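Please keep the sequence and the model in view while reading.

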Amino acid sequence: MPLLRKKVKMKFIVIFCSMFACLTMPAEDPVIKELTSLETAKHSGTVEEAKKLLKAAIEFRNKKDYEKADNLFKKALLIFNQRLGEYNLYSAGCFHNLGILSGLRNRVVEASWYMEKCKDIYVKIKGPDSLEAARAWSNMGYAYLRRRRVKVNKGLEAYQEALRILKSHFGENNIQVARTYADISRAYALLDDGGKAEAAGKQAMEICKRLKNPETPGSAMVYYICSAYYIRSGQTARAIELIEQAVRIREKSSNSEDSLLLMFRSSLKKLKPKADKLEMY
């Protein structure tokens, strides 16, 4: 009888440990394992053929044929890796495009993985303080922010590194610097750190005001992103003011079918009923 109890107890421990392992294992592991195989897989073809595949993949992505685009991007990547080694700018371009594609398909884990691979290549080839590295850090930051609370801190760190590089090149008064401050504000907003979110957003908007052309097209996105903190903190009226400013700036440099302009207007349409409702009380 004691032996039976011991066996039952041991069986329970094994089951519990298995369950605990499943709970603690990162959900992204199977995906990352499949994606990592791209580095070791082989595919025949020349660099010129890979360039054609890359061009065709972009065309399929633009036509929203995402499955074909994904397949061609990966084939091109395998050839570039095989012919040029893992660290080359063509492979960086493939990873960047795969990151965009994964984002369009709402595959946020894949997107962040691809953007980080792209960043690693640019840092190694162009240098850790290059503008190419700064852009790659920013793209990686956005990809991780899309994963919300799971990886927001990593996204924030990526934006902070991009900001460091950009300020070393341009100083404080630059539209790319302003945009990165806005991105940092959004990251803090997602982390519910209102004080830092508001401070970074104000810094971004102050830079826009100090520019030679305060309403440069890029400033529209700065004001739009800075609205995130005010939306999240329930300051709807202020958020609407910022998005309306974004719309005014964007209208000066684009047509009515511009995708960003449509996005700004869509956000206003969703927010205005909330503001009207608040004014009734």
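## Helix packing and the overall fold

Helix 7 and helix 9 are roughly parallel to each other, a term that applies to angles under 35 degrees, whereas roughly antiparallel applies to angles over 145, roughly perpendicular to 65 to 115 and oblique to the rest. The model is predicted, so local features need pLDDT of at least 70 and side-chain atom pairs count only at pLDDT 80 or more, while totals for chains, interfaces and linings use all residues. Residues are numbered from 1 along each chain as its sequence is written, and side-chain values use heavy atoms, with hydrogens and water left out.

The chain contains 13 helices and zero strands; helices (H or I, at least four residues) and strands (E, at least two) are DSSP runs numbered from the N terminus. Of its 281 residues, 41% are buried, where buried means under 20% relative accessible area, exposed over 50% and partly exposed in between (1.4 Å probe, protein chains only). The accessible surface of the chain is about 15,900 Å², and carbon and sulfur atoms account for 56% of that surface; such areas come from the Shrake-Rupley method with a 1.4 Å probe, and for residues only the protein chains shown count as cover. Among contacts between residues at least 6 apart in sequence, 61% join residues at least 24 apart, contact being defined as heavy atoms within 4.5 Å.

Two helix pairs are set out below. Axes are lines fitted to C-alpha atoms, for helices over the stretch in contact, and angles run from 0 to 180 degrees between N-to-C directions.

| Helix pair | Angle | Axis separation |
|---|---|---|
| Helix 7 (residues 131–145) and helix 9 | about 20° | 11 Å |
| Helix 11 (residues 217–232) and helix 12 (residues 236–251) | about 165° | 8 Å |

The crossing of helix 7 and helix 9 is left-handed, meaning that the near helix is turned anticlockwise from the far one by less than a right angle, with clockwise giving a right-handed crossing. In this pair, Ser138, Tyr142 and Leu145 of helix 7 meet Thr180, Asp183, Arg186, Ala187 and Leu190 of helix 9. The contact of helix 7 with helix 9 comprises four nonpolar, two polar and two charged residues. Here Ala, Val, Leu, Ile, Met, Phe, Trp, Tyr, Cys and Pro count as nonpolar, Asp, Glu, Lys and Arg as charged, and the others, Gly among them, as polar.

Helix 11 and helix 12, by their angle, are roughly antiparallel to each other. Their crossing is left-handed. Residues making this contact include Tyr223, Tyr224 and Tyr230 of helix 11 and Leu242, Ile243 and Ile249 of helix 12. By class, the contact of helix 11 with helix 12 has 12 nonpolar, four polar and two charged residues.

Individual residues complete the picture. Ser185 lies in helix 9 and is buried, with a relative accessible area of 1%. Beyond residues up to four places away in sequence, Ser185 touches Ala197, Ala200, Gly201 and Tyr229. Leu72, in helix 4 (residues 66–84), is buried at a relative accessible area of 14%. With neighbours within four places in sequence left aside, Leu72 is in contact with Leu53, Ala56, Ala57 and Phe60.

Asn106 has a positive phi of about 60° although it is not a glycine. This residue is placed in the loop between helix 5 (89–104) and helix 6 (108–126), and Asn106 is exposed at 56% relative accessibility. Asp192, also not a glycine, has a positive phi of about 60° and is found in the loop between helix 9 and helix 10 (194–210).
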